[in-house]
Every structure is written in C-alpha cells, then in structure tokens.
Amino acid sequence: MTNWEELQKRGLIKDVAGEGIEELINKGGANFYWGTDPTADSLHLGHYGSLITAKRLMKMGHHPILLVGGATGRIGDPRPTSEREMMSIETLEKNVEGIRLQIDSIFEGKAKLVNNYDWFKAYNFLDFLRDIGKYINVNYMISKDIISRRLETGITYAEFSYMLIQGYDFLYMFEKMNCIMQVEGSDQWGNITTGLDLIKKKTGKEAYGFTMPLILDSTGKKFGKSEGNALWLDKNKTSSYQLYQYLINTEDAKVEEYLKIFTFLHLDEIENIITKHKEEPHLRLAQKALAEQIITDLHGKEEFEHAKKISESLFSDKIWELKSEEIIESLKDLPTFEMNDETNLVDLLVNHNICSSKREAREMITGKAINVNNTKITDIDKKITKKEAIEGQVILIKKGKKNYYLGIYK
C-alpha cells in the first residue's frame, strides 16, 4: 500500500491542490506545514486529529514545520457567525508557549517549530500591501465561503485580511524553508488556496496542499473550544482519566473512524479489532484500543495504565484500592459537597439535592437505588460516618444507574 492509499483508506483526504501531490506524498522527503492560532494555552482533541496526520506524514519520511500563530492569533481566523474576542498580548504569548511545548512533546522534538510573529513583527504595513496585497483580488477573497457567509452580518477589515496574512505565511516558508505543502483541516481550505495562489503569482512555481475532513463527535459537532466540548491535550485541564472515560464511551458507529484517524495501528489490525468488537460489543475492545493509543501517545504508557486502573476501580469493589486524592481528582466534575462527621443518609440525600424530598429518599433506598462507595444501602435509618469513607475522606454516592455525587470530609 502506498502512502497516498493509506491516507485515503484512513479517511484523511478531503480537498487536494497541486498536480502530482500523490507522487509527492508517496516519495517522501517534502517539507510541509501545519499551523494553529493560540486561542487557548492548550490544544484539544480536534487539533490532535490534524496533528496526528502531520505526525503520520513525518513517519512516512516527510519533514513537518509546525506553526503557532503569534501574528495571526492577534487577529483571529474569521468564524462563520461572529468576530472572535480579542485577547491580551500577554495571554496570547502565554498561549503560544504552552502550545509550542505541547507540540514539541507530541513530535518528540523531531519537528521544526515556528512562530509567524517572527517574520511579521518588523514588516511595514505599507510594504506588506505593496509586496503582497496587490497580488490578491478582493473579488477572489469575497468568493471564499467563510467570507461570503459573513458579508450579510458584517466582517471587520482585520478579519477580512486574515487569509492574506496566512497566505503570506505559506509564501514565506516556501521561499525561506523550502516548504512546499500545507496540511490542515477542511475549514482552512480557503486560506490554503490563497497561499498557493500567492506562491504561483510571486514565484511562478507550484506548491501543494490538502485538507482532512473535520472530525465530528456523535452529535455532529466538531471537537473544539467554541463548541463547548473541548477535550484538552493538557492533562492538567483534561485528566487522562477524563479522556479515558470519553473515549471508552465512544459510540460503536464512530469508533472505527476514530481508530483510523487517531492511531498508528495498522489498518489490518484495526479491522481485526473491529471484528472482535462486533462479536462481543459489551467488552468495548475497540474503545479500549482507542483510549490506549491516544493516551499513550499524548501522556505515556504509565498515564494510560493509571487512567485504566482508576476507571476499572471507581465503580467496582476495587474502589477501596484507590487513594482519596485519586478519586477527587478523577471525579472533580461531579456535583461535590462537604460532609459532616455523622449524617443520616436520608437527610444527606435531601440536603444536597440528590433527592427532592425525604419521601423520595426513602423510596430510593428501599428500592435498592442508592449506593455508597459501591455498596447498596437498603436501611432508611443508615448513618454515614467517616468510617464509611475511603481513607476517612471520600464518599461516592450513586443514585440510580448513572447519577453520581461526591462527598468529601474536610
């Protein structure tokens, strides 16, 4: 199987530009770039889908140049509905450094890292308009999908200029770094073609580009901060356990797609995993393979094993093998409340809005629907004390099948 065929079979190619790009990808040895703006101090799983493709190209023998947009981040890529909120320069610079370190770690120090602010900071505005602006027609820019969608509601000149600035990034790296290809998500197609057009008009030479389909979750939304479903690559923002829980709950309809996009598993191996998964779907073999590959690549094997241990222990008899701080950190997104030394269980359920009334609390207890640290409670007179707590600190309450609450003794 050729490199190009593998990318196609993994569903990683959507839009393509440049005659002979298939031969280029198959041959290896090309300098290419992928870029992102520092809208936060961490990348998220949506970025990782593109980054893993760049890493895949590196493993195929190509040379990645990874750009963090210290310049473009000051303006912001136009959104379909409204202008991005401007962030302070201090925040932007902090974000640039956070993302740079993250990318360097993912690529194990083997990729060239650049910041487009380095070549824009001394570029005179009038010189830029004279050198670059005259090559791109306004009608051409308006025809781009993201711009045309904003014309009715309005778009600022700063946003309108974004594609020209990103186009110059490609030209600069083409001339200074022999970068001949850009690889991005499909929402960047207009910016890629602007760069290709600029290179052709300024140098008379051809360059290449391709986009990957945007990765969507099971609800049809893309992974991203603006969608409210960001899974951060920084383990201090999204723990390995939280990432494991998300991936282990991936719907069967999406898991094969994700295995092809997010992992370096051979396609035959993925096919074998999916076959076994379909035979016993309740074992979630495909989801476990997905979680192992992503978490290990991002944070290492030890982090994956730790996340797996916590996941398998939290909601079983093995919960007592965990440390209280492990439970608190893993379940920090649960409704949490402070415990008193001794509390009647019925009162605890009502006082912390787990049940709406004492009557409901009693019915839930006698109906065997209340668990305390994975032990079913049926005694309506039960008192909860520190003796029930893990390491004298943590009480995990389960109501019904899916509702969890965390009580902590201070």
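Analyst: Let's start with a word you'll need: a residue is buried at under 20% relative accessible area, exposed at over 50%, and partly exposed in between, using a 1.4 Å probe and protein chains only. You're looking at a predicted model, where local features need pLDDT of at least 70, side-chain atom pairs count only at pLDDT 80 or more, and totals for chains, interfaces and linings use all residues. Residues are numbered from 1 along each chain as its sequence is written, and side-chain values use heavy atoms, leaving out hydrogens and water.

User: OK, let me try one. Is His277 buried or exposed?

Analyst: His277 is buried, because its relative accessible area is 3%. This residue sits in helix H14. Helices (H or I, at least four residues) and strands (E, at least two) are DSSP runs, numbered from the N terminus.

User: And which residues does His277 touch?

Analyst: Contact means heavy atoms within 4.5 Å. Not counting residues up to four places away in sequence, His277 touches Asp252, Arg284, Leu285, Ala286 and Gln287. Take Arg284 from that list: its place is in the loop between helix H14 (267-279) and helix H15 (285-299). Arg284 is partly exposed, with a relative accessible area of 25%, and its phi is near 55°, a positive value in a residue other than glycine.

User: Now helix packing. How do I describe H13 and H15?

Analyst: Two packed helices are described by the angle between their axes and the distance between the axes. The axes are lines fitted to C-alpha atoms, for helices over the stretch in contact, and the angles run from 0 to 180 degrees between N-to-C directions. Here, the axes of helix H13 (residues 252-262) and H15 come within 10 Å and cross at roughly 30°. So H13 is roughly parallel to H15; angles under 35 degrees get that label, over 145 is roughly antiparallel, 65 to 115 roughly perpendicular, and the rest oblique. The crossing of H13 and H15 is left-handed: the near helix is turned anticlockwise from the far one by less than a right angle, while clockwise would be right-handed.

User: Which residues of H13 and H15 meet?

Analyst: From H13 you have Asp252, Val255, Tyr258, Leu259 and Phe262, and they meet Ala286, Gln287, Ala289, Leu290 and Ile294 in H15. By class, this contact of H13 with H15 has 8 nonpolar, 1 polar and 1 charged residues. Ala, Val, Leu, Ile, Met, Phe, Trp, Tyr, Cys and Pro count as nonpolar, Asp, Glu, Lys and Arg as charged, and the others, Gly among them, as polar.

User: At what angle do H12 and H15 cross?

Analyst: Roughly 150°, with the axes of helix H12 (residues 240-248) and H15 coming within 8 Å. That makes H12 roughly antiparallel to H15, and their crossing is right-handed. The residues of the contact of H12 with H15 divide into 9 nonpolar, 3 polar and 1 charged.

User: Let's switch to strands. Which way do the residues of E6 point?

Analyst: In a regular strand the side chains alternate between the two faces of the sheet. In E6, Tyr208, Phe210 and Met212 point one way and Gly209 and Thr211 the other way, and all are buried. E6 covers residues 208-212.

User: How many bridges join E5 and E6?

Analyst: Two strands pair if DSSP finds at least two bridges between them. Strand E5 (residues 179-185) and E6 pair in the parallel sense over 5 bridges, and Met181 has Tyr208 in E6 as its bridge partner. Strand E1 (residues 16-17) runs antiparallel to E6, joined by 2 bridges, with Val16 opposite Phe210.

User: In what order do the 5 strands of the open sheet come?

Analyst: The order is E7-E13-E12-E9-E10, with mixed pairing. Strand E7 (336-339) and strand E10 (375-376) stand at the edges with a single partner strand each, so one side of each has no neighbour in the sheet. Strand E9 (residues 370-372) runs antiparallel to E10, with 2 bridges, and Val372 stands opposite Thr375 in E10.

User: What lies in the loop between E9 and E10?

Analyst: Asn374 does. Its phi is near 65°, a positive value in a residue other than glycine. Asn374 counts as buried, at 17% relative accessibility.
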